[in-house]
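Keep the sequence at hand.

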Amino acid sequence: MPDGRQWRIVFMGTPEFALPSLSSLASTGKEVVAVVTQPDRPRGRGRKLSPPPVKVLAQELSLPIWQPEKIRDPAIVSRLADLAPDLFVVVAYGQILPPALLGLPRLGALNVHASLLPAYRGPAPINWAIINGETQTGVTTMFMDQGVDTGAILESRIIPIKETDTAKTLHDRLSKLGADLLIQTIAGLKDGTVSPHPQPEAGASHAPLLTKSDGLLNWSRPAVELARLIRGLDPWPGAWTAHRGRSLKLFGGRTGSAQGLPGQVLGLDTGWLHVAAGEGSLLVAELQLAGQKRLAASEFWHGQRLEPGVVLGT
């Protein structure tokens, strides 16, 4: 049924991925009655207390900001109920919403997820789509339920994954696409042209949280897998190997056809460091030794006095 009323929206989000969605809601005149985001946290080498990106944007937009330590705190649930929201919009908030909150808005809790659900449910769908060699991905809007990204789907939109995509470049494209889809979905709900439908179980997969250990390169694996791992973990947590007993991060992975002992440095060619893998060779654009800045491969080559035959991973 078409609904011509202005909806009272509570926005929940925390990292940069959520920024285009909040910005689009504000620029299209939606009534955002509160922005809920994570508390300020210590960040960087100095561990300085820093606000999450969504808080910074909400301040610029002069929107009311809430930063509860625990969203399931009954006092917070009660305060949110007092706002009488029609809709929650949740974009990478970072805390699980309890049933008492999911049932609070008149229309439900609308989530923007960075995958083509039911594929890649979970917290790291962008990274795993690249790592697993997918050729396309997308964004999905859904009404949240108590499961992990299992709610009824509203709409989705597909984009290709480029061979040069890193997690960062794909993240940026998907965050903008998600914002566009969010506005389109709300418009469709209001005029009655969009309705939820259950997720199929066929094709369901999980995208678990990443840790630093996921980035350890196994040089006996094919170069094509190593290149995808490097791009899928860029910028965080980063793909890494050992070099003279220190951690070495690698960026900008491509594949070549040269052969050698796995992990063996083959040379520097047209600005790329060539390293032998289990099948083929890996071409690396940039490197970062632990405690030092990120360097182009040619700078690293000369600065670290690399030469053909050196074996990485030791």
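How many bridges join strand β16 to β17? There are 2, and the strands, β16 being residues 286-289, run antiparallel. Leucine 287 stands opposite leucine 295 in β17. Strands here are DSSP runs of E of at least two residues, helices runs of H or I of at least four, both numbered from the N terminus. Two strands pair if DSSP finds at least two bridges between them.

This is a predicted model, with local features needing pLDDT of at least 70, side-chain atom pairs counted only at pLDDT 80 or more, and totals for chains, interfaces and linings using all residues. Residues are numbered from 1 along each chain as its sequence is written, and side-chain values use heavy atoms, without hydrogens and water.

The pair belongs to an open sheet of 4 strands, ordered β10-β11-β16-β17, with antiparallel pairing. β10 (239-243) and β17 (295-296) are the edges; each has a single partner strand, so one side of each lacks a neighbour in the sheet.

Follow the chain to the loop between β11 (246-251) and β12 (254-256), where glycine 253 lies. Its relative accessibility is 4%, so glycine 253 counts as buried (under 20% relative accessible area, 1.4 Å probe, protein chains only). Beyond four places in sequence, glycine 253 touches Ala227, Ile230, Arg231, Leu282 and Leu283 (heavy atoms within 4.5 Å).

Now the cores. A nonpolar core is a set of buried Ala, Val, Leu, Ile, Met, Phe, Trp, Tyr and Cys residues joined through side-chain atoms within 4.5 Å. The largest has 36 residues. Helix α6 (residues 167-191) gives the most to this core, with 8 residues. Apart from it lies another core, of 33 residues, including Ile230 and Leu295.

Terms used. Buried < 20%, exposed > 50% of the residue type's maximum accessible area, 1.4 Å probe, protein only.
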